[in-house]
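Try each task before you read its solution.

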Amino acid sequence: MKPLTVIGFLGSTLDASKFGPSRWSKWRPSVGLTMHEDLRVDRFVMLHADAHTRLAEYIAEDIASVSPETTVDRHIINFADPWDFEEVYGKLLDFTRDFAFDPETQDYLVHITTGTHVAQICLFLLTEAHYLPGRLLQTQPVRGMPTGAPGTWNIIDLDLSRYDSIATRFAEASAESTSFLKSGIDTRNAAFNRLIDEIEQVAVRSRAPVLLMGPTGAGKSQLARRIYELKRLKHQVQGPFVEVNCATLKGDSAMSALFGHKRGAFTGAAADRPGLLRTADTGMLFLDEIGELGLDEQAMILRAIEDKRFLPVGADKESSSDFQLIAGTNRDLGRAVAEGRFRDDLYARLNLWTFALPGLAARREDIEPNLDYELDRFAERERTRVAFNREARDRYLAFATGPDAIWAGNFRDLAASVTRMATFSPKGRIDGDCVEGEVARLMRLWASESAEGGDGLDRLLDGAALAELDPFDRVQLAHVVATCRRSRSLSEAGRALFSASRARRTSSNDADRLRKYLTRFGLEWGEVAG
């Protein structure tokens with residue numbers, strides 16, 4: 001066995017006693033750790049201040065009397081304030097760097113029973129970080145044992161994987177956090193599940209702003225609220241969750257709504273208004289569609305994020321608010337920066353943690369569990385349980401997961417669809433006729449929205465490129481783009497577009513054919529489908 005060195009503080013209270021025979025009737029941890037028959041301490045490095053030199057000498061003598069094989073090395077560390085965490089940690093770190101450790105030939109234990117609570121915490125952290133190349137040692141007295149007995153000792157192994165119950169509980173807690181962000185929905189899309197895992201880690205470890213990107217209805221608002229509720233469960237926020245859709249803030253009212261105003265600041269300002277940022281103090285502010293804010297509001301938001309301060313409208317004194325920001329957008333903020341519609345410094349501040357939520361059409365394998373979730377929500381809301389018969393469920397899922405379902409409104413479309421079918425099923429069973437009616441309704445809805453909203457090519461091509469397109473080419477390209485957006489991959493989109501011609505060819509590469517078509521217009525798959 002390697003020689004064993006124990007490093008620990010002299011206990012100015014626990015090790016202290018009257019200088020006489022009565023001291024042997026008291027449990028003294030520094031003496032007791034050298035009295036165990038099953039723990040041979042070859043060297044005890046005793047840390048203490050100059051003020052405790054006499055006690056240290058007395059304890060060293062007693063250790064020599066009960067354990068002659070133990071060498072006591074006294075090491076002086078003086079703290080101006082032993083409860084100052086920064087000072088204690090810094091001086092102990094200096095000690096570890098100056099100490100001649102030799103893990104190859106010696107074993108080390110770090111005694112954390114003595115010393116102030118701050119010192120014990122610092123020893124723990126330095127051991128966990130391997131500045132102290134050993135394991136933690138705890139000692140304690142045993143009630144009912146003879147006076148002066150050494151008590152018990154226990155080594156704490158910082159490899160938590162060795163503790164099955166701790167490892168199991170940690171895994172369960174992590175799984176619960178991730179499931180919490182997904183509202184308990186057993187999602188199956190691997191990419192989305194990885195995304196939620198990343199968001200969960202950021203949510204509990206960081207206070208930096210989070211940017212949620214994705215199309216309208218992808219679940220940004222619900223996810224932001226779940227992040228807030230998770231952080232509240234872990235006692236990381238105390239204040240409220242404040243949500244605002246920036247698209248509704250226009251003109252002078254935007255400044256007042258966000259930053260508040262003083263009475264008389266403008267016509268109609270009959271009383272002071274705190275503003276949404278002030279309301280979110282110690283809580284979370286969710287600015288949905290942040291790309292709709294004006295440049296002046298963006299500048300003030302940036303300062304509020306960085307300095308926690310802002311100036312209400314009409315005020316001559318700044319207000320403060322310590323909130324965590326989550327921003328949501330369905331716009332390409334990078335392009336907005338290039339076009340001068342969004343501040344590059346605010347975008348840089350938001351872009352530390354950016355997560356792009358996919359639309360429902362890109363997560364078709366998650367439609368079935370979300371369908372059950374929406375049925376549960378309907379039952380909770382309306383206090384009426386509604387279910388599909390088997391044939392109707394199969395028919396609805398076949399349509400919902402197929403290429404004809406474009407899910408333009410994403411999860412909002414799905415929630416509305418379930419609500420309609422459940423409402424039209426007063427006997428509690430959604431049948432085939434109800435599903436067929438809903439499928440026709442969704443197809444009409446999406447066709448109408450497509451006609452009202454144009455072909456969407458203006459979001460992919462600039463004005464000059466659109467002007468060069470013949471009307472025939474524009475209609476064809478719009479159809480290709482729409483097919484790409486409701487397909488999960490380049491290959492799937494190619495199969496849908498070239499299904500007829502594939503039957504007449506001996507070999508085909510639909511993905512390559514589609515890629516070449518998009519390249520004609522300077523487009524790429526990720527840009528179109530995203």
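Two strands pair if DSSP finds at least two bridges between them; strands (E, at least two residues) and helices (H or I, at least four) are DSSP runs, numbered from the N terminus. This is a predicted model, in which local features need pLDDT of at least 70, side-chain atom pairs count only at pLDDT 80 or more, and totals for chains, interfaces and linings use all residues. Residues are numbered from 1 along each chain as its sequence is written, and side-chain values use heavy atoms, with hydrogens and water left out.

**Exercise 1.** Work out the strand order of the open sheet of five strands.

*Solution.* 
- Step 1: Reading across the open sheet gives E8-E9-E12-E7-E13, with parallel pairing.
- Step 2: At the edges sit E8 (241–245) and E13 (353–356), each pairing on one side only.
- Step 3: Look at E8 and E9 (residues 284–288), which share five bridges in the parallel sense. Here Val244 has Leu287 in E9 as its bridge partner.

**Exercise 2.** Describe how helices H6 and H7 pack.

*Solution.* 
- Step 1: The axes of H6 (residues 190–205) and H7 (residues 220–233) come within 10 Å and cross at roughly 45° (axes are lines fitted to C-alpha atoms, for helices over the stretch in contact; angles run from 0 to 180 degrees between N-to-C directions).
- Step 2: Now list the contacts (heavy atoms within 4.5 Å). Ile196, Ile199, Glu200, Ala203 and Val204 in H6 meet Leu223, Ile227, Leu230 and Lys231 in H7.
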